[in-house]
Amino acid sequence: MIESEHDITVKRINELARKAKAEGLTEEEMDERNTLRKKYIDSFKSSLRSQLDNIKFVDEDEKK
């Protein structure tokens, strides 16, 4: 199975989260974590916007 870029990003975010709890992160790892989180959130927002843009409201008159 081929991992998507999204899956790889989430996997790395989780790895960094576990390490942060266990032993702490270096400055570089904190920067990487923040960059990956921003990338994930931006991707989520974009996906949500796309879904919302494709919603069509239908009222009772349009059904007939």
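Helix α2 covers residues 27-53, and at 1.5 Å a residue its 27 residues should span 39 Å, which agrees with the 39 Å between its end C-alpha atoms; the expected span is taken as 1.5 Å times one less than the number of residues, and helices are DSSP runs (H or I, at least four residues) numbered from the N terminus. This is a predicted model, in which local features need pLDDT of at least 70 and side-chain atom pairs count only at pLDDT 80 or more, while totals for chains, interfaces and linings use all residues. Residues are numbered from 1 along each chain as its sequence is written, and side-chain values use heavy atoms, with hydrogens and water left out.

**How the two helices are arranged**

- The axes of α1 and α2 lie 10 Å apart and the helices pack at an angle of about 140°, where axes are lines fitted to C-alpha atoms over the stretch in contact and angles run from 0 to 180 degrees between N-to-C directions.
- The two helices are therefore oblique to each other, a class left over once angles under 35 degrees count as roughly parallel, over 145 as roughly antiparallel and 65 to 115 as roughly perpendicular.

**What meets at the contact**

- On the α1 side, the residues that meet α2 include E5, H6, T9, V10, R12, I13 and L16, and their counterparts in α2 include E29, E32, R33, L36 and Y40, with contact meaning heavy atoms within 4.5 Å.
- By class, this contact of α1 with α2 has six nonpolar, two polar and eight charged residues; Ala, Val, Leu, Ile, Met, Phe, Trp, Tyr, Cys and Pro count as nonpolar, Asp, Glu, Lys and Arg as charged, and the others, Gly among them, as polar.
- The buried residues of α2 are E29, R33 and L36, and the buried residues of this helix pack against α1; buried means under 20% relative accessible area, exposed over 50% and partly exposed in between, with a 1.4 Å probe and protein chains only.

**Individual residues of α1**

- T9, which is found in helix α1, is buried with a relative accessible area of 7%, and, leaving aside its neighbours within four places in sequence, T9 is in contact with L36 and K39.
- N14, also found in helix α1, is partly exposed at a relative accessible area of 36%, and the C-alpha atoms of N14 and R33 are 9.3 Å apart in space, although the two residues are 19 residues apart in sequence.
- A17 is found in helix α1, which covers residues 5-22, and is partly exposed with a relative accessible area of 30%; its C-alpha atom is separated by 16 Å from that of K39, 22 residues apart along the chain.
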